[in-house]
Amino acid sequence: MKNTAVLVNEFGKVGLDHHLLRRADERTVLLGHGCVCCTTREDLVGALLELLDEEDRGSIQPLDRVVIETTGLADPAPILFTVFSHPVLQHHYYVDLVISTVDAMNGEQHLDRNSESSKQIAASDVVVLTKTDVAEVGAAGRLYGKIHGINPYARVIEAPFGEVDSAKLLRPPASPTPARESPVPVDSQHVSRTHSTSLTFDGPVDWAAFGTWFSMLLHARGEEVLRVKGLLDAGGEGPVLLNGVQHVMHPPEHLEEWPNEDHSTRLVFITRGIRSEDLLASLEAFRNLIGAGPRLVEAEAPV
Amino acid sequence: MCVLCGRDFVAQAHWTDRHLEDRARSSGGDPLEYQRDRRRERVRRAVIVDKVLRHYGLRVQEWSGSKYLVRDGKGRSELVQDLGSLWPAAERLAGRPLDPLDPALHEALLRGGRDG
């Protein structure tokens, strides 16, 4: 965690030695059509620009990383939107990981009752299970199942006694394949209307046509598309890395090579209210434009 | 907007256009080739979007290398920058929601594919 700045909503009780700790009170500016994820977090713009400025002036050590700690129920989408859309920030910052913490004692209850928490899991690259040292036996195992039931891509790590290996925590994301490491079967029974759809195509897709379909889907149903992630075979040397949270898309990366021998499209859609068969029927109708047909790899049964 | 050439200065490329910008930046290549690539891709995309929006009684064409022109059958039209602004404009002109999950759209696209 060397050369790391930490932006927090509220100061915690424990100081972080050798780290830059700043307070950034949430200030949002609603844009466009007023949907929540397309808002700019002005507080973060100010704080992140200030860090750049101080680094340029040499008043702080050069930074490798900024950790933004949000409130428990914060929506990550506006933070991503802020970094991707700001004319200065988008050239200086890259969103590395979205990390959520889940309390192993109460996490199950939250995931069962609170739709916001499942939205946060859907948006996460890494989920940290806290309090596994005091939770009842089996609670962590059940949570693995619930978390992967919502987001098969999430990497889950445990932090007993609040200790976590930062190198493991901040490890760059591997190639996006479902992280099936659950010690118990995946549980998709708990979050009503949340669907996880994994699909591939029977050939390379036309990027312009796929972008047309997907941007139309995000326009019409953006708030129901909690997450999309995966590698798309667009006929190039390497795949296109797609990663989006609600309306907010990471700038797609056209990679120079595939991460492994499997050169087929692997996409996961985590949706609320959109069924796997809806996505398949739509992609099937767009087949002539996209240049390939969709094939379901795996879909979690809705409840 | 530049008063001389009439073009907007766009601070941010839509995600569907990012690969072209990235390619231009990473190769440091020929700006004319980049413009040709960009124009070609925009024209191709306009053709694709046009096929989708026919179902809603709308037509789309690339306009001047920097915009898309969306128009309806009553002579109304809107100029938009990219796909991010195209769908809301098309929805205004169509007067109804545009939904890629709509079975009626699927039927129209499949019929269009069969008819060539």
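Which residues do ring pairs link into a cluster? In this predicted model, the cluster consists of A:F201, A:W207, A:F210, A:W213, A:F214, A:F269 and B:W15, joined through ring pairs. Over all chains, the number of aromatic pairs is nine. One of these is formed by A:W207 and A:F210, a stacked pair with 6.5 Å from centre to centre and 25° between the planes. Both residues belong to helix α8 of chain A, which spans residues 207-221, and since they are three residues apart, about one helical turn separates them. An α-helix has 3.6 residues a turn, so residues three or four places apart point the same way. A:W207 has a relative accessibility of 7% and therefore counts as buried. For A:F210 the relative accessible area is 0%, and this residue is buried as well.

A further aromatic pair is made by A:W213 and A:F269, with an edge-to-face arrangement, 6.1 Å between centres and 85° between the planes. This pair links distant parts of the chain: A:W213 is in helix α8 of chain A and A:F269 is in strand β14 of chain A, 56 residues apart. A:W213 counts as buried because its relative accessibility is 0%, where the cut-off is under 20%. A:F269 is likewise buried, at a relative accessible area of 0%.

Strand β14 also takes part in the lining of a cavity. The count of cavities of 30 Å³ or more is one, and the largest cavity holds about 30 Å³ of space. Its lining is made up of A:A122, A:S124, A:N151, A:Y153, A:R227, A:K229, A:V268 and A:I270. Classed by residue type, the lining of the largest cavity contains four nonpolar, two polar and two charged residues. At least two lining residues come from each of β10 (225-232) and β14 (266-272) of chain A.

Elsewhere in chain A, A:S85 lies in helix α2, which comprises residues 76-85. A:S85 has a relative accessibility of 16% and so counts as buried. The C-alpha atoms of A:S85 and A:V248 are 9.6 Å apart in space, while the two residues are 163 residues apart in sequence.

Chain B contains four helices and three strands. Read from the N terminus, the order of its elements is α-α-β-β-β-α-α. Chain B has 116 residues, of which 41% count as buried. Within this chain, the charged end of B:R42 sits over the ring of B:Y68, at 4.2 Å from the ring centre.

Methods:
Residues are numbered from 1 along each chain as its sequence is written. Chains are lettered from A and ligands numbered from 1 in the order in which they are written. This is a predicted model: local features need pLDDT of at least 70, side-chain atom pairs count only at pLDDT 80 or more; totals for chains, interfaces and linings use all residues. Side-chain values use heavy atoms; hydrogens and water are left out. On a 1 Å grid over the protein atoms alone, a cavity is a set of points where a 1.4 Å probe fits but cannot get out, and a pocket is an open set with protein on both sides within 12 Å along at least five of seven lines; lining residues have an atom within 4 Å of a point. Grid points are joined across faces, edges and corners, and a volume is the space filled by probe spheres set on the points. Ala, Val, Leu, Ile, Met, Phe, Trp, Tyr, Cys and Pro count as nonpolar, Asp, Glu, Lys and Arg as charged, and the others, Gly among them, as polar. Rings of Phe, Tyr and Trp (its six-membered ring) pair if their centres lie within 6.5 Å; planes under 30 degrees apart count as stacked, over 60 as edge-to-face and the rest as tilted. Buried means under 20% relative accessible area, exposed over 50%, partly exposed in between (1.4 Å probe, protein chains only). A charge sits over a ring if NZ of Lys or CZ of Arg is within 6 Å of the ring centre and within 35 degrees of the ring normal.
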